[in-house]
Amino acid sequence: MNFTALLPLMVMLVQLWPYSLSMQNRSAQNTDLSFMAVRRVKRGWLWEPLFATEEQISLDPVYIGQLKSDLDKQDGNLKYVLTGEGAGSIFIIDEHNGKIYVTQKLDRETKPFYSLRAQAINRSTQLPVEPESEFIIKVRDVNDHEPQFLDGPYVATVPEMSPEGTSVIQVTATDGDDPSYGNSARLLYSLIQGQPYFSVEPKTGVIRMASQMDRETKDQYLVIIQAKDMVGQPGAFSATATVTINLSDINDNPPKFQQRLYHMSVSEEAPVGTTVGKVFAEDNDIGENAAMNYSIEGDSAHVFDIITNSETQEGIILLKKTVDYESKRRYSIQAKVVNKYIDERFLNEGPFEDKTIIKINVEDADEPPVFTSENYVMEIIEGAMSGSLVGVVTARDPDDDDSPVRYSIVQSIPLKRLFSINEHNGTIITTKPLDREIASWHNITVTATE
């Protein structure tokens, strides 16, 4: 269509319509509509979105779509040209009909799309009949990657006796396939090992407690989680991860004495502070949950004391006051143990304390004889003949066997020459007459032995 043919038509239109403002507006509107219609008809590429499937292997090029100009009258006068990423090597185009083929195996994870440009050229004039247009060929995903647990193996800790449903840890697998297309990257989690103690949420990978567990029975569990892509459908790839789950301790066990009755002994000669013996209460908990305090109840608390060894948690019985075999030979005391830290959640399961009986025998010591008086004062007339009685000292054995006592004088030799003592009964006599003017007093030391 040339300009000379168009000019008479435009003149004809002006002559047919009288000039008026309304006609002028109407004419402008129709002119715009006519221009839009012409532009829509004469200029346009026609094609559907283009996709190439990855990992395809074929000896022949694989058709993936067609480019077409709306000016193509299918008379062979148009030539289609392809340029851009992979044009001529990875992608080829049939220059006669605009059909595009892929010639190589593609990997979406390496390159997910290609940007190309298309032209339609008039074979006669070698001029483009369409402006160059850019388009995308997307690489369509196939399930060619296995799931991976990048953060495994996992270790988690959860308090023992946690209620069912308690969250332990979340495990996450990744998949290199396209999450926006198909099910290749849609993962499903399942439990391979760990039933019936644990469960896993299929979509999130959150591991939860499936039952209450006691650390004192078993304190560590090995759980194996599987992740499958394709939401677990046939042909899916899978991966596994191990999760070591440790149960932490809570104070859910009371202390218990190992014995209901303890027997101990202490010498009557033992000084205050002497260790009489040890008691021990077992607590299946650990750490501060097993810490305990001991105490003594009853009247014997003024004679004996008990302290806690913070390292061994033993109760150490100490002598608080000296004991006397002849006064009291046996003590029966009651010891009590209580957890130092109480968990109020378990108070309804019973008192976190225990009691035991400790019988302590007092051992007799071989005590020396005891004189009936610490000092004796005796008198004798001077000049009394040799063998005269001066006096008697008496000592007794405080032990129960009441052994015989032997007496002796331990003064200097001169005094021994003046006095003598009966070793059996403590009678003191003179061995020669005494002279007051020479010595008015004589100090005599007597020993008593068993």
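**Close-up views of aromatic rings in a predicted model**

View 1. The charged end of K99 is placed over the ring of Y63, 5.9 Å from the ring centre. A charge sits over a ring if NZ of Lys or CZ of Arg is within 6 Å of the ring centre and within 35 degrees of the ring normal. In another such arrangement, K111 lies over the face of Y114, at 5.2 Å from the ring centre. Before moving on, please note that this is a predicted model, where local features need pLDDT of at least 70, side-chain atom pairs count only at pLDDT 80 or more, and totals for chains, interfaces and linings use all residues. Residues are numbered from 1 along each chain as its sequence is written, and side-chain values use heavy atoms, with hydrogens and water left out.

**View 2. A tilted pair, F257 and Y294.** Ten aromatic pairs are found in the structure; rings of Phe, Tyr and Trp (its six-membered ring) pair if their centres lie within 6.5 Å, and planes under 30 degrees apart count as stacked, over 60 as edge-to-face and the rest as tilted. The ring centres of F257 and Y294 are 6.0 Å apart and the planes stand at 50°, so this pair is tilted. F257 belongs to strand 17 (residues 256–257) and Y294 to strand 20 (residues 292–297), so the pair ties together parts that are 37 residues apart in sequence. Strands (E, at least two residues) and helices (H or I, at least four) are DSSP runs, numbered from the N terminus. F257 is buried at a relative accessible area of 6%, and Y294 is buried at 7%; buried means under 20% relative accessible area, exposed over 50%, partly exposed in between (1.4 Å probe, protein chains only).

**View 3. An edge-to-face pair, F304 and Y331.** Here the ring centres lie 5.3 Å apart with the planes at 80°, so F304 and Y331 are edge-to-face. The pair links distant parts of the chain, 27 residues apart: F304 is in strand 21 (residues 304–308) and Y331 in strand 23 (residues 330–339). F304 is buried, with 1% relative accessibility, and Y331 is buried at 10%.

**View 4. A ring cluster and the confidence of the model.** Y197, F198 and Y221 are linked into a cluster by ring pairs. For the protein, the mean pLDDT (the predictor's confidence in each residue, from 0 to 100) is 85, and 88% of the residues reach 70 or more. Where pLDDT is low, the predicted coordinates should not be read in detail.
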